[in-house]
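Work through the following exercises with the sequence and the model side by side. Each task is followed by a solution that goes step by step.

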Amino acid sequence: GTARENLGYEQFGNAVRELAQTIADDGYVPDIILSVARGGVFVAGGLAYALDCKNIHLVNVEFYTGVGTTLDMPVMLAPVPDVVDFSDKKVLIADDVADTGKTLKLVRDFCLDTVAEVRSAVVYEKSHSLVKCEYVWKRTDDWINFPWSVLPPIHKSGEAPKGNKEAL
Ligand code: 5GP
């Protein structure tokens, strides 16, 4: 459809506190928050403060071939986090949205056999997601405008933008 879910920065701040409250009430105390860049970095930062967790790691996942077309499967970019060191750790994967769920499935499967426990927290989950996250702030099937990606990248004033990347 053409409907949009518009999330503002202030609303995002409240959302991430509510998401953290759900996690705390569930009794899950993560040792490590693993953020999925780039959108998950905002979520991970908010959750890390709200849950008083000082151990944030990051994984970069891309879902495109380089000319604006998407791959069938997302790919993890180097450097990948050294999850072998996480064998006794409870991990919380943080991302902005589980849409197809392919990105979260990749990261979750990557951790699953090497960490003590892994759960996922997202601001949004769509109904067709193949991963059902343990912690979800809101469910929608609309396209979401996130405050960090709704505007195009900034370029030097008076110069033409490089490339053809559109804002998401
Ligand atoms: P996946 O389909 O693997 O679950 O989602 C991959 C990534 O695509 C998400 O982390 C997010 O960056 C982007 N994405 C998916 N759905 C949306 C959406 O509705 N709005 C925006 N802005 N990005 C999305």
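**Exercise 1.** How many nonpolar, polar and charged residues does the shell around the ligand have?

*Solution.* The model is predicted, so local features need pLDDT of at least 70 and side-chain atom pairs count only at pLDDT 80 or more, while totals for chains, interfaces and linings use all residues. Residues are numbered from 1 along each chain as its sequence is written, and side-chain values use heavy atoms, with hydrogens and water left out. By class, the shell has seven nonpolar, three polar and five charged residues.

**Exercise 2.** Find which polar contacts (pairs of N or O atoms within 3.5 Å) the ligand makes with D99 and I144.

*Solution.* Start with D99, where an N or O atom of the side chain is 2.6 Å from a nitrogen atom of the ligand. Then turn to I144, whose backbone N or O atom lies 2.8 Å from a ligand nitrogen atom.

**Exercise 3.** Classify the ring pair of Y9 and W148 by its centres and planes.

*Solution.* Rings of Phe, Tyr and Trp (its six-membered ring) pair if their centres lie within 6.5 Å, and planes under 30 degrees apart count as stacked, over 60 as edge-to-face and the rest as tilted. The centres of Y9 and W148 are 6.4 Å apart and the planes stand at 55°, so this pair is tilted. F146 and W148, by contrast, form a stacked pair, with 5.1 Å centre to centre and 10° between the planes.

Note on methods: A polar contact is a pair of N or O atoms within 3.5 Å; within protein, one must be able to donate a hydrogen and the other to accept it, and residues adjacent in sequence count only if both atoms are side-chain atoms. Ala, Val, Leu, Ile, Met, Phe, Trp, Tyr, Cys and Pro count as nonpolar, Asp, Glu, Lys and Arg as charged, and the others, Gly among them, as polar.
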